[in-house]
Amino acid sequence: MLKNVVPLTRPMATRLDGRQLAAQLEQRLQALVAERLAQAGRPPGLAVLRVGDDPASGVYVANKEKACSRVGITNLGAHLSATTPAREVLATIERLNADPAVDGILLQLPLPGGLDEAPLLAAIDPQKDADGLHTLNLGRLLKGEPGPRSCTPAGVMALLAAAGVELAGKRAVVIGRSILVGQPMALMLQAANATVTVAHSRTQNLAELTRAADVLVVAAGKPQMIGAEHVKPGAVVVDVGIHRKPEGGLCGDVIFEQVEPIASAITPVPGGVGPMTVTMLLVNTVMAWSQRTGAELDFDALFAGLAFG
Ligand code: NAP
């Protein structure tokens, strides 16, 4: 008969609740906008530019517009038809660049076939680059200079900070090297003094690499590719992926049920990174508004003391 059997259970991982953190940040932004409104003389303005009728984009744009109205940002966006020629989209961007009421511009992707996104993204005034993806702003991130930061990785950094995850000296692995997520994520983790490895589709022995990670950020865009065998016990796991399941509902790149019992902290999908991406768009807009109306906003102070309740 077995005696003194110690149950092989670990405490469940902390859920890095993006909805909760986004709500806290929105409250701070709303208070800040209300406080500075009289001095600034106008509310912050965000222009989400949508071209065509991609249904998923419709949902994303509506979410961004609702978030804007919750914190007091005026929505100055435009919706152009799918057949709009490139020169007209460009002219709209130039009009928004010149409009003093617009602090942030976001070109919603994907664009309809036939429109090349690169020259259009490059045409956005870098000071109004709400997505933080303009070449100049990616360069600023690389050099550690201030500027609007890419929303998804900046949202991940805020989640890690709110959970009290110490990054200095830790081994971080980022799966994915896109300009949208993987590359800026790696730069931000490195700036926080983590030792960073970036994996991609040609990486060999992925599980061996990821099992060495104290912090694992998965942005491969492959549904449920990361399971228990990829994760070191006690690691912090951030799942950026978002996919519609054939049977309905959403899932990420990580098999949540397998990884949650092993990890010390994990983001759920939905409700993890997604809500923070939208909130960082608001942060970039409010930062630009403050700067353009004569007051520097302290980025770090905006995030100071945030924690999961
Ligand atoms: P992407 O442009 O398709 O990039 C995917 C990256 O993952 C590429 O670098 C690719 O490598 C790498 N990769 C693909 N398969 C891999 C594998 N089997 N092993 C290792 N690496 C692999 O995607 P993305 O725009 O970065 O987005 C990634 C995911 O995040 C998508 O699911 C997207 O929907 C989601 N997303 C979510 C949010 C949010 O707010 N939650 C925001 C943005 C994106 P190569 O470079 O070699 O091709």
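Colleague: How is the exposure of S81 to be read: buried, exposed or partly exposed?

Modeller: Relative accessible area sorts residues into buried (under 20%), exposed (over 50%) and partly exposed in between, with a 1.4 Å probe and protein chains only. S81 has a relative accessible area of 41% and is therefore partly exposed. The residue is in the loop between β4 (78-80) and α3; helices (H or I, at least four residues) and strands (E, at least two) are DSSP runs, numbered from the N terminus. This is a predicted model, in which local features need pLDDT of at least 70 and side-chain atom pairs count only at pLDDT 80 or more, while totals for chains, interfaces and linings use all residues. Residues are numbered from 1 along each chain as its sequence is written, and side-chain values use heavy atoms, with hydrogens and water left out.

Colleague: Which residues does S81 touch, beyond those up to four places away in sequence?

Modeller: Contact means heavy atoms within 4.5 Å. With those sequence neighbours not counted, S81 touches V51 and G52. V51 is 30 residues away from S81 in sequence, yet their C-alpha atoms are 5.8 Å apart.

Colleague: What is the corresponding reading for I93: buried or exposed?

Modeller: I93 belongs to helix α3 (residues 86-98), and its relative accessibility is 0%, so it counts as buried. Leaving out residues up to four places away in sequence, I93 is in contact with L49, I105, L120, A123 and I124. The C-alpha atoms of I93 and L49 are 8.3 Å apart, with a separation of 44 residues in sequence.

Colleague: I105 is one of those contacts. How should I read the strand β5 that contains it?

Modeller: In a regular strand the side chains alternate between the two faces of the sheet. In β5 (residues 104-107), G104 and L106 lie on one side and I105 and L107 on the other, and all are buried, so that both faces are covered. Strands pair if DSSP finds at least two bridges between them; β5 and strand β2 (residues 45-51) are joined by four, in the parallel sense. I105 in β5 stands opposite A47.

Colleague: What is the strand order in the open sheet of six strands?

Modeller: The order is β1-β12-β9-β8-β6-β7, with parallel pairing. The edges are β1 (14-15) and β7 (195-199); each has a single partner strand, so one side of each lacks a neighbour in the sheet. For β1, the parallel partner is strand β12 (residues 265-266), joined to it by two bridges, and I266 in β12 is the bridge partner of R15.

Colleague: Which strands does helix α7 lie across?

Modeller: Axes are lines fitted to C-alpha atoms, for helices over the stretch in contact, and angles between N-to-C directions run from 0 to 180 degrees. Helix α7 (residues 182-191) lies across β6 (171-175), β7 and β8 (215-218), at about 170 degrees to β6. Its buried residues are G182, P184, M185, A186, M188 and L189, and their cover includes α5 (135-143), α6, β6, β7 and β8.

Colleague: How do α6 and α10 cross?

Modeller: The axes of α6 (residues 151-162) and α10 (residues 273-292) come within 8 Å and cross at roughly 110 degrees. The two helices are therefore roughly perpendicular; angles under 35 degrees count as roughly parallel, over 145 as roughly antiparallel, 65 to 115 as roughly perpendicular and the rest as oblique. Among the contacting residues are C151 and L159 of α6, and M276 and N284 of α10. The contact has nine nonpolar, four polar and no charged residues, where Ala, Val, Leu, Ile, Met, Phe, Trp, Tyr, Cys and Pro count as nonpolar, Asp, Glu, Lys and Arg as charged, and the others, Gly among them, as polar.

Colleague: Which backbone angle marks N193?

Modeller: N193 is not a glycine, yet has a positive phi of about 75 degrees. It is found in the loop between α7 and β7 and, at 52% relative accessibility, counts as exposed. N205, likewise not a glycine, has a positive phi of about 50 degrees; its loop is between β7 and α8 (206-210), and at 55% N205 counts as exposed.

Colleague: Where does P110 lie, and what kind of peptide bond joins it to L109?

Modeller: P110 is in the loop between β5 and α4 (117-123), and the bond from L109 is cis, with omega about 5 degrees. The bond from V269 to P270 is also cis, with omega near 0 degrees; P270 is in the loop between β12 and α10.
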